[in-house]
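Please read this briefing with the sequence and the model open beside it. The points are grouped by topic.

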Amino acid sequence: MNKSERSKDIRKEGKFDTWYKTKKWQKLRRYVLMRDKYLCQLEVRYGKRIDAEVVHHIFPVEEYPELFFNADNLISLSKKAHNKMHDRMTDEITPEGRRLQEKVRKKVFVGYGEGEKT
């Protein structure tokens, strides 16, 4: 089994996968990486300069599809940091992922009013 086959076993196919192939997403992804200076934002907190490899949805797309293209719901992370945000087998948000959600909740949901799920 090669690496891509293993990753497919780990990550379930999602109904939003086609959104990641759009020009709109690619443009937004580049914007977020530039905004975050291509650095993992979890490591920046500790004065470390680790390259970002992933643009992560803080509030998961499966639960909050309306936030897919919301830049305030996106953060640049290294793969290692990204794996700390949610369990890759179950897709459950980890305690560290929940802390990040609480930190940005007000900013992300500005203008969404009662659309926020609790």
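Among contacts in the protein chain between residues at least 6 apart in sequence, what percentage join residues at least 24 apart? The share is 59%, where contact means heavy atoms within 4.5 Å. This is a predicted model, in which local features need pLDDT of at least 70 and side-chain atom pairs count only at pLDDT 80 or more, while totals for chains, interfaces and linings use all residues. Residues are numbered from 1 along each chain as its sequence is written, and side-chain values use heavy atoms, with hydrogens and water left out.

**The chain as a whole**

- The protein chain has five helices and two strands; helices (H or I, at least four residues) and strands (E, at least two) are DSSP runs, numbered from the N terminus.
- Along the sequence, these elements follow the pattern α-α-α-β-β-α-α.
- Of the 118 residues in the protein chain, 37% are buried; buried means under 20% relative accessible area, exposed over 50%, and partly exposed in between (1.4 Å probe, protein chains only).
- The protein chain has an accessible surface of about 8,200 Å², and carbon and sulfur atoms account for 53% of this surface. Accessible areas come from the Shrake-Rupley method with a 1.4 Å probe, and for residues only the protein chains shown count as cover.

**Helix α2**

- Helix α2 covers residues 23-35, and its 13 residues should span 18 Å at 1.5 Å a residue. The expected span is 1.5 Å times one less than the number of residues. The end C-alpha atoms of α2 are 18 Å apart, which agrees.
- W25, L28, V32 and L33 are the buried residues of α2. They lie on the same side of α2 because they cover an arc of only 135 degrees around the axis; the arc is that of the directions from the helix axis to the C-beta atoms.
- An α-helix has 3.6 residues a turn, so residues three or four places apart point the same way.
- The buried residues of α2 pack against β1 (54-57) and β2 (74-77).
- On the face of α2 turned away from the buried side are the exposed residues K23, K27 and M34.

- Most residues other than glycine have a negative phi.
- K37 is not a glycine, yet its phi is positive, at about 60 degrees.
- K37 is exposed, because its relative accessible area is 62%.
- D91, also a residue other than glycine, has a positive phi near 65 degrees. D91 sits in the loop between α4 (79-85) and α5 (95-109).
- D91 counts as partly exposed, because its relative accessibility is 37%.
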